[in-house]
Amino acid sequence: MKIATILGLAGTAAAHGYVSSIVADGVTTSGWLVSYWYDLVNHVPIPQTPGWYEEALDLGFVPPNEYQNPNIACHKNAVNANVSATVAAGGSVKFQWTDWPHNIGPVLTYVAKCSGDCKTADKTALKFVKIDESGIDLTSQVWAAGKLMADGNSWTTKVPKTLAPGHYVFRHEIIACHGCTSLNGAQNYPFCVNIDVTGSGTANPVGTVASSLYKSNDPGILFNPYVTMTSYKIPGPALWTG
Ligand SMILES: *[C@@H]1O[C@H](CO)[C@@H](O)[C@H](O)[C@H]1NC(C)=O
């Protein structure tokens with residue numbers, strides 16, 4: 001088991017990344033750490049964090065041929081977190097990634113309201129509302145993923161002020177598009193975090209189940225990024241700005 005730990009952690013150095021912590025209204029909380037998986041295997045107690053458990057041990061991605069699979073919701077074999085962070089509607093959540101190497105592709109953030117506590121929510125039934133999206137700056141040709149890298153591998157999403165208070169699953173995602181010229185070449189890196197929203201908003205926008213968010217031939221999923229981009233259709237349902 002010790003060997004598995006060493007190999008597993010060595011494997012992370014060259015690979016992609018994941019959301020290792022969040023900052024909600026200035027309060028930093030650990031996300032799900034891949035090393036926790038090895039701790040669990042080795043019967044080492046792990047802390048409860050608002051980041052969902054997942055098993056992308058290679059720090060890999062969900063490919064387009066799994067867009068209709070439950071893994072697209074909150075990454076591979078995801079299991080609900082048992083605790084939540086808190087943010088006020090109108091406040092912000094910063095998602096801190098580990099090493100992130102791919103500078104082509106959009107960055108998106110969704111929220112799904114749980115009918116009760118998010119620790120028992122069914123990830124295949126959660127309805128995700130897109131509250132933040134960024135594709136490419138056509139003037140500079142800098143992709144959102146490149147901006148994330150320039151910002152210390154972090155992304156900050158503002159929570160619409162009108163969003164009704166409640167228990168939410170925030171779904172933050174990078175879609176790495178360096179391979180988007182090929183069918184099944186996109187790489188989705190979704191991560192889920194339980195966050196309670198406070199405030200006096202009254203909006204309960206209608207969302208989309210995870211298995212209906214994307215199709216493998218969406219124009220923002222299957223396209224050639226190695227040209228001067230003159231337009232880009234960000235994947236997923238319409239943005240809700242509150
Ligand atoms: C939440 O608690 C359940 C039941 O104890 C457990 O199976 C699950 O792994 C926990 N989730 C996380 C992310 O630790």
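Predicted model: local features only at pLDDT ≥ 70, side-chain atom pairs only at ≥ 80, totals over all residues.
Residues are numbered from 1 along each chain as its sequence is written, and side-chain values use heavy atoms, with hydrogens and water left out. Local features require pLDDT of at least 70 and side-chain atom pairs pLDDT 80 or more, whereas totals for chains, interfaces and linings use all residues.

The chain contains four helices and twelve strands, taken as DSSP runs (helices H or I, at least four residues; strands E, at least two) numbered from the N terminus. The C-alpha trace spans about 50 × 50 × 30 Å along its principal axes. Of contacts (heavy atoms within 4.5 Å) between residues at least 6 apart in sequence, 77% join residues at least 24 apart.

Of the 242 residues, 50% are buried (under 20% relative accessible area; exposed, over 50%; partly exposed, in between; 1.4 Å probe, protein chains only). The accessible surface (Shrake-Rupley method, 1.4 Å probe) is about 10600 Å², with 56% belonging to carbon and sulfur atoms. There are 14 positive and 16 negative side chains, and the centres of the two sets are 5 Å apart; Lys (NZ) and Arg (CZ) count as positive, Asp (CG) and Glu (CD) as negative.

Asp25, in the loop between β1 (19-24) and β2 (27-30), has a positive phi near 50° and is partly exposed at 41% relative accessible area. His43, in the loop between α2 (34-41) and α3 (71-74), has a positive phi near 60° and is exposed, with 73% relative accessibility.
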